[in-house]
Amino acid sequence: MDELEQNLANWGGSLFPNIPVGGLLSRNAVAYKWKSLYRVWMLRELAFWREHDLMVQSYALHQQGHGLGARILLRSGFETLATLIYVNLLMQQVLDGKLSFQVFGEKTTLLLLGSRNNDRMPDAVSILTILGKCDKRYPGLMKNYENLSESAHPNYEGLMGGYSTTNYDEYETTFSNRWMELHGERHPQAMMLCMETFHYEYDAVWPGLIEQLEIWVEANDAELEATKDDPLPS
């Protein structure tokens, strides 16, 4: 079992089976009467379930020599990583006084319930917007995503680059599936980068932020109650 496979197995054994609301209220009854804190827990654990699922499938396709599918799934993995980073950035902004708690609640709702094809749901936040904010924290994140996106789309790399070679002397184009040739060797490294960053945000950054946010909400509960029905800041 290589390192990637071992990490994926460890992740699979660490997935939360549920989030009991009673347990959160026991943890801090004042903080968890506010639904946005519950949504933060939901976003964290749903992102972990999705990230694990995507990485397992990307790894399996890579092992089977299906390079394009492996890259497309990894691209989704970077989107999921960015969502977790963004949640952590939002919590930090509240703690720093740069984001109102009301707007924070609205943003967590959009992240959890946003949709592009369901009129009953609010509009989803653009993943490119999220990636752009996360790139400031991890320079190069957007570039990695853009490189994977070039493979996902039927443009030059997705068509000619992935399936043909040209002999300019003979004026001949030869077709073949080149994805593993082009990217197979580097794919495990890209997976590890995504997974290690996700693990850091999930296991090192998020726990400290949620504890600070609980304390902050409890300390500001009276003001939050008094202003909860105010219009959202423009």
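**View 1. The buried residues of helix α1.** Leu4, Leu8 and Trp11 of α1 are buried (under 20% relative accessible area, with a 1.4 Å probe and protein chains only). These residues lie on the same side of α1, because the arc they cover around the axis is only 60°, taken from the directions from the helix axis to the C-beta atoms. The buried residues of α1 pack against α3 and α10 (187–219). The model is predicted: local features need pLDDT of at least 70, side-chain atom pairs count only at pLDDT 80 or more, and totals for chains, interfaces and linings use all residues. Residues are numbered from 1 along each chain as its sequence is written, and side-chain values use heavy atoms, without hydrogens and water.

**View 2. The crossing of α1 and α3.** The axes of α1 (residues 3–12) and α3 (residues 35–63) come within 10 Å and cross at roughly 150°. The two helices are therefore roughly antiparallel to each other (angles over 145 degrees). The crossing of α1 past α3 is left-handed. On α1 the contact (heavy atoms within 4.5 Å) involves Leu4, Glu5, Leu8, Trp11 and Gly12, and on α3 it involves Phe48, Glu51, His52, Met55, Val56 and Tyr59. By class, seven residues of this contact are nonpolar, two are polar and two are charged; Gly counts as polar, and Glu as charged.

**View 3. The surroundings of Arg178.** The loop between β2 (172–175) and α9 (179–184) contains Arg178. Arg178 is buried, its relative accessible area being 14%. Apart from neighbours within four places in sequence, Arg178 is in contact with Gly161, Gly162, Ser164 and Thr165.

Methods: Axes fitted to C-alpha atoms, helices over the stretch in contact; angles between N-to-C directions. Helix = DSSP H or I, 4+ residues; strand = E, 2+ residues; numbered from the N terminus. Parallel < 35°, antiparallel > 145°, perpendicular 65-115°, else oblique. Left-handed = near helix turned anticlockwise from the far one by under 90°. Buried < 20%, exposed > 50% of the residue type's maximum accessible area, 1.4 Å probe, protein only.
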